[in-house]
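Please read these notes with the structure open beside you. They go from the whole chain to single residues.

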Amino acid sequence: MTRYPLLTPERVRTAPRHLRAIAGAAAVPAVVTLLVTSAYVVYSLWQWRTFTVKSWDLGIFTQMYQGYASGGVPIVAIKGQDFNLLGDHFHPLLAVFTPVYALFPSALTLLVVQGACFGIAGGIVAWAAHRLIGPVSGTLIGLACGLSWGLQYAVDAQFHEIALAVPLLAGSLAAVVTRHWRWACGIAAFLPFVKEDQGLTVAGIGVVLVLLRQRRLGIALTLWGLLWFALAVFVVLPWLNPEEAWEYGKYLTGGDDAPDPAPGPPFNLFAPQKALTMTLLAVATAGMMFRSPVALVLLPTLAWRFVSTNESYWAPDWHYSAVLMPVAFMAAVDGIARARAASSSDWERWWARLAPVAIGVACVAIAFLKPLPLTQVKEPGLLTPDPRAAAVEDVLGRIPDDATVLSDLSLMNYAVGDHELYWIGTANPVPDYVLAGPTSTGPNQGWLTAVDMAVALHPGVAFELVVERDGYSLARRTGDDVVEVTPEPVPPEAPPANGH
């Protein structure tokens, strides 16, 4: 019998070298992941401790996870009675975070999860860059991606479904640029289940594979992405949505309730907000993303955003550019590697050597010139409690756990974890309690207290003031109702027009 010993003198002599190589390859992405995740968790904790509520989205996703954690469907009362959130956007894969939420049932948990997702994406970019262009370049580009403007704005906007798309895109494209074709397809295949438009992005990855001479895999992936985009938009979303339609299609087709297109050339392609988004993409990657076919994966997302009538889609802020970041920076990594290896131009080879440093400098410059959210962190809230903390704790502590609550945006994210929560802008049953407070846009329609808000939204129903402190107030429904009337909602503070 032939023996194959696991340990030979040669293997013993070379083991330390191999272990150092493995440790070095793992160290760069690990450090980047840790630094980026830590930065975003600190920022999210600061937002949480300063009672920052950017929109209704964090409350919406918290209710979604409440539904999943209880073993049910994602019914979200904030969006309306019996509203199934899978009829809003197609994101069944978000259920993978349910065990984390079940262990730590709070809206804050989702912010931490999103920060970790973005940190992992930065680490994946660092891994690919380390393999292709070296450890120092890998560290610089990984950090630049992880702390890029698109991801900072997404963290500032708080949790959205694209949190999961960002590391999946990074993983799939890292496999593309390192020529692990089956891994690229296998990871990309999950993207259509994060958000319906990601089916088009998957089709874009398939096209890139075809251009890289992986025709069978590329064609299969393209068809897979287009199939799930069509099923989501034309079948699943209309089936589950109360309006029996894809709710956000109105921004592309000019539906009755869609905003009017802005004046200008066809689709207003030269609007300043669009130019700013494209400029930031080019500057953040030192122009090297244009050297790689991977940059083509940007086109589906840019296309639906720029032809939309919703101007919030055009600009670089909110969370819409988050999915562009792993694509742009992975294209830059591939572009640098290609330019260093095959360029016939001395100038291009020189710029490719300098590009990682330029990308790092651009990341810092954009952060302070824009300025970006991470540069805005300050006291109170970071190390010391916000002065309003005692008032908020007092107000929320007076609501019984089993009560139904009608709320504006002010404390929505803090009350949603413990109560059945309604939002003042949708039609709702008469609640047990009404919660009001100062918001980012000031008091709601001039209402001074929760009683004023309750009377305005539910005339004929008796409410009494429970507590009022530091601009926050709580009203309780009494047992003596004159007549119960649930009028059509008059949105007193519509969420920002970002299309969710």
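The numbered points below cover the fold, the cores and some backbone details.

1. This is a predicted model, in which local features need pLDDT of at least 70, side-chain atom pairs count only at pLDDT 80 or more, and totals for chains, interfaces and linings use all residues. Residues are numbered from 1 along each chain as its sequence is written, and side-chain values use heavy atoms, with hydrogens and water left out.

2. The chain has 18 helices and five strands (DSSP runs, H or I of at least four residues for helices and E of at least two for strands, numbered from the N terminus). Of its 500 residues, 54% are buried (under 20% relative accessible area, with a 1.4 Å probe and protein chains only; exposed is over 50%, partly exposed in between).

3. The largest nonpolar core holds 144 residues. Such a core is a set of buried Ala, Val, Leu, Ile, Met, Phe, Trp, Tyr and Cys residues joined through side-chain atoms within 4.5 Å. Val176 is among those with the most contacts inside the core. Apart from this core lies another, of nine residues, including Tyr313 and Trp314.

4. The peptide bond from Lys370 to Pro371 is cis, with omega near -15°. Pro371 is in the loop between helix 15 (346-369) and helix 16 (389-397).

5. Two arginines deserve a look. Arg179, in the loop between helix 7 (162-177) and helix 8 (181-188), has a positive phi of about 65° and is partly exposed at 38% relative accessibility. Arg213, between helix 9 (198-211) and helix 10 (215-240), has a positive phi near 70° and is exposed at 76%.
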